[in-house]
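Me: I'm new to this and would like to learn by asking. Please take me through it one feature at a time.

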Amino acid sequence: SRVWLKLPLLCPAFPGSVIPCQGPTAAMVDGCCDVQPAEELPKQRRQSKKDDSSVARRQSSADGVTSSKQQDPSRVAELYLLETIPAGDWTKAAEVAAVLEQRRNDREVCRSAAKASERIACQERGLDALAESGVLQSLVQVWQTHRTDTSLAVHVHNIVARFWERASNDNQWISLPSQLSAGKALLAAGQNEWLGEAHRA
């Protein structure tokens with residue numbers, strides 16, 4: 001049980017009088033004694049604890065989402081697939097396209113897919129496969145979504161540079177349906193550097 005100390009407090013309004021203080025603290029207000037409510041401090045403490053708990057719950061929720069994403073078995077398998085695609089392996093272009101379609105909002109997966117696509121594009125057949133499977137168009141979309149990711153942007157720009165270089169040296173190649181569709185998607189992105197390369201082609 002709580003025990004209150006009754007301390008004598010002289011009140012200026014009534015000289016010689018002694019007023020017992022019933023609270024833990026007392027203050028002078030407008031020349032007279034004023035007993036502060038005892039519940040005010042505990043209420044502030046409860047509010048502070050409530051705020052701290054809310055912050056902790058939000059942080060725990062964010063950590064849980066990140067942890068769940070990292071432990072997703074299918075995501076881990078897709079990242080492994082992308083990281084192990086060898087240079088020039090055009091047979092994996094369709095799989096890269098499927099991963100980009102499903103994980104376009106996942107920055108890490110998109111970065112890994114762009115890196116794998118650049119390895120595939122190091123050979124002409126690989127570049128053909130990227131255009132035919134729609135990977136180039138998907139890369140443009142994820143680049144626009146994750147513009148602040150420098151690594152992803154570098155991989156995409158390198159692939160686009162190879163595309164326009166090939167187009168400038170082979171008019172028949174750029175006239176093929178898949179390549180023509182990919183070229184239009186690159187132009188629609190509005191990137192000045194890509195537009196310049198297209199004009200040169």
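Me: Let's begin with Gln137. In which helix does it lie?

Reply: Gln137 is part of helix H6. Helices here are DSSP runs of H or I with at least four residues, strands are runs of E with at least two, and both are numbered from the N terminus. Keep in mind that this is a predicted model: local features need pLDDT of at least 70, side-chain atom pairs count only at pLDDT 80 or more, and totals for chains, interfaces and linings use all residues. Residues are numbered from 1 along each chain as its sequence is written, and side-chain values use heavy atoms, leaving out hydrogens and water.

Me: Is Gln137 buried or exposed?

Reply: Buried means under 20% relative accessible area, exposed means over 50%, and partly exposed is in between (1.4 Å probe, protein chains only). Gln137 has a relative accessible area of 19%, so it counts as buried.

Me: And what is Gln137 in contact with, leaving aside its neighbours within four places in sequence?

Reply: A contact is a pair of heavy atoms within 4.5 Å. With those neighbours set aside, Gln137 touches Ala131, Ser181, Ala182 and Ala185. The side chains of Gln137 and Ser181 also make a polar contact at 3.4 Å. That term covers N or O atoms within 3.5 Å; within protein, one must be able to donate a hydrogen and the other to accept it, and residues adjacent in sequence count only if both atoms are side-chain atoms.

Me: Now the core. Which residues in the largest nonpolar core touch the most other members?

Reply: A nonpolar core joins buried Ala, Val, Leu, Ile, Met, Phe, Trp, Tyr and Cys residues through side-chain atoms within 4.5 Å. In this structure, the largest one has 38 residues, and Leu82, Val96, Leu100, Leu130, Leu139 and Phe163 touch the most other members. At least two core residues come from each of H2 (73–83), H3 (93–102), H4 (107–120), H5 (124–132), H6 (135–145), H7 (150–169), H8 (171–174) and H9 (177–188). H7 gives the most, with eight residues.

Me: Leu130 is on that list. What is Leu130 in contact with, beyond its neighbours within four places in sequence?

Reply: You'll find Ala93, Ser117, Ile120, Ala121, Val135, Leu136 and Ile159 in contact with Leu130. Leu130 is one of the buried residues of H5, along with Gly126, Leu127, Asp128, Ala129 and Ala131. As a group, the buried residues of H5 pack against H3, H4, H6, H7, H8 and H9. Look just after H5, too: Gly134 has a positive phi of about 85 degrees there.

Me: How many aromatic pairs are there in the whole structure?

Reply: Rings of Phe, Tyr and Trp (its six-membered ring) pair when their centres are within 6.5 Å; planes under 30 degrees apart are stacked, over 60 edge-to-face, and the rest tilted. The search finds two pairs. In one of them, Phe163 and Trp164 have ring centres 5.1 Å apart and planes at 80 degrees, so they are edge-to-face. Ring pairs join Phe163, Trp164 and Trp173 into a cluster. Phe163 is buried at 0% relative accessibility, and Trp164 is buried at 8%.

Me: Which ring has the charged end of Arg147 over it?

Reply: A charge sits over a ring if NZ of Lys or CZ of Arg is within 6 Å of the ring centre and within 35 degrees of the ring normal. Arg147 sits over the ring of Trp143, 4.3 Å from its centre. Elsewhere, Arg125 lies over the face of Trp90, 4.1 Å from the ring centre.

Me: Last topic: how many salt bridges does the count come to?

Reply: A salt bridge puts a side-chain nitrogen of Lys or Arg within 4 Å of a carboxyl oxygen of Asp or Glu. The count comes to 11. One of them joins Asp72 and Arg103 at 3.3 Å, N to O. That pair links distant parts of the chain, 31 residues apart: Asp72 is in the loop between H1 (40–70) and H2, and Arg103 in the loop between H3 and H4. Asp72 is partly exposed at 24%, whereas Arg103 is buried at 13%.

Me: What about Arg166: with which residue does it form a salt bridge?

Reply: Its partner is Glu124, with the closest N and O atoms 3.8 Å apart. This pair also links distant parts of the chain, with Arg166 in H7 and Glu124 in H5, 42 residues apart. Arg166 is buried at 13% relative accessibility, while Glu124 is exposed at 52%.
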